[in-house]
Amino acid sequence: MRKYIFDTDLGSDCDDCGAMAVLCDGVKQGIAEVVAVTHCTSEIYGAYGAKAILDWFGVDCPVGQTSRKGFQDQDAEKRYGYPMMQDYLTDHDPIEFPDAVAVLRKALNDNRDVTMIFVGPMVNMEDLLRSQPDENSPLDGVSLVKQSVREVIVMGGDFGDFEHGEWNIFANVPAAQYMSEYCPVPIIYCGFEAGRDIMTGETLWDCPERYPVRIGYWNFFGKGKGLRNSWDPVTVYYALYPEKDWEISEECCIRYDDAGRALVSEGTGARHVRYRDEEWMKHELNRIMGLK
Ligand SMILES: [Ca+2]
């Protein structure tokens with residue numbers, strides 16, 4: 001069974017909720033253990049949303065929250081995280097979420113051969129890599145990642161249009177640049193092009209009304225039914241099922257310019273992937289998200 005850490009900006013785009021359904025289904029299938037989940041924006045609603053989905057599936061792990069202030073906490077980022085939190089608090093006590101870097105450092109101190117998944121901006125990864133020895137681990141961040149992480153899987157970049165600064169990179173370019181330069185283990189990117197044409201969500205409306213993934217999508221669409229691109233769910237699906245029918249690039253060097261555009265050159269350390277049969281993937285993700 002592979003071990004995973006999942007980092008999310010849940011609260012901005014609803015596909016993070018679909019991605020968490022895929023991740024938690026992997027736990028249910030007995031192929032995945034989730035050792036930590038971290039939330040990378042400064043508003044707390046998304047951390048509650050992540051916790052609500054974990055609880056729904058019975059997945060027990062620490063949930064951390066970035067200590068950065070003012071990152072992505074404007075009103076637009078609150079539109080569906082807030083109702084997820086409201087629903088969660090109808091029958092749970094409020095939570096004081098611990099610092100994400102502390103959660104990551106403890107999880108990496110206590111586990112080995114971990115796969116880290118990032119489906120939001122890379123701020124928690126930058127803060128982890130910059131971290132220094134503390135009560136959670138005697139290692140600095142880079143050494144800790146090198147010791148305990150097998151590979152890092154990132155929803156980020158656009159490897160179909162090199163003029164496009166993809167959102168997860170563009171939202172905090174310095175963090176993505178830092179990760180791409182200093183991450184000591186391989187990085188696999190699921191780029192913008194890998195999830196863009198895979199529209200999912202249609203199976204949510206037959207699910208229970210309090211299913212947190214349904215609450216997320218419903219409120220993202222302004223209390224309505226909609227379909228959303230599957231950038232984050234595809235990324236998690238790759239993390240769980242890398243042996244399936246993926247088109248995987250040659251190993252290369254991937255960096256980002258100041259506009260967040262991917263710079264691919266000869267070198268090592270990175271690859272990018274996309275699924276060959278997108279119609280099949282759409283049905284597969286819908287099946288999982290719809291609890292089928
Ligand atoms: Ca996301």
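**Contacts, burial and packing in a predicted model**

Colleague: Which residues does isoleucine 5 touch, not counting residues up to four places away in sequence?

Modeller: Isoleucine 5 touches Val35, Ala36, Leu104, Ala107, Val114, Met116 and Ile117, where contact means that the C-beta atoms, placed from the backbone, lie within 7 Å. Residues are numbered from 1 along each chain as its sequence is written. This is a predicted model, in which local features need pLDDT of at least 70 and side-chain atom pairs count only at pLDDT 80 or more, while totals for chains, interfaces and linings use all residues.

Colleague: Why is alanine 21 called buried?

Modeller: Alanine 21 has 27 C-beta neighbours inside 10 Å, and a residue is buried if 20 or more other C-beta atoms lie within 10 Å of its own, exposed if 12 or fewer, and partly exposed in between, so alanine 21 counts as buried. Alanine 21 lies in helix α1, residues 15-28, a helix being a DSSP run of H or I with at least four residues, numbered from the N terminus. Leaving aside neighbours within four places in sequence, alanine 21 is in contact with Ile53, Val213, Ile288 and Met289.

Colleague: What makes α1 and α12 roughly perpendicular?

Modeller: Helix α12 spans residues 278-289, and α1 packs against α12 at an angle of about 80°, with their axes 9 Å apart. Axes are lines fitted to C-alpha atoms over the stretch in contact, with angles from 0 to 180 degrees between N-to-C directions. Angles of 65 to 115 degrees count as roughly perpendicular, and α1 and α12 are therefore described that way. Gly18, Ala21, Val22 and Asp25 in α1 meet Leu285, Ile288 and Met289 in α12.

Notes: Helix = DSSP H or I, 4+ residues; strand = E, 2+ residues; numbered from the N terminus. Contact = placed C-beta atoms within 7 Å. Parallel < 35°, antiparallel > 145°, perpendicular 65-115°, else oblique.
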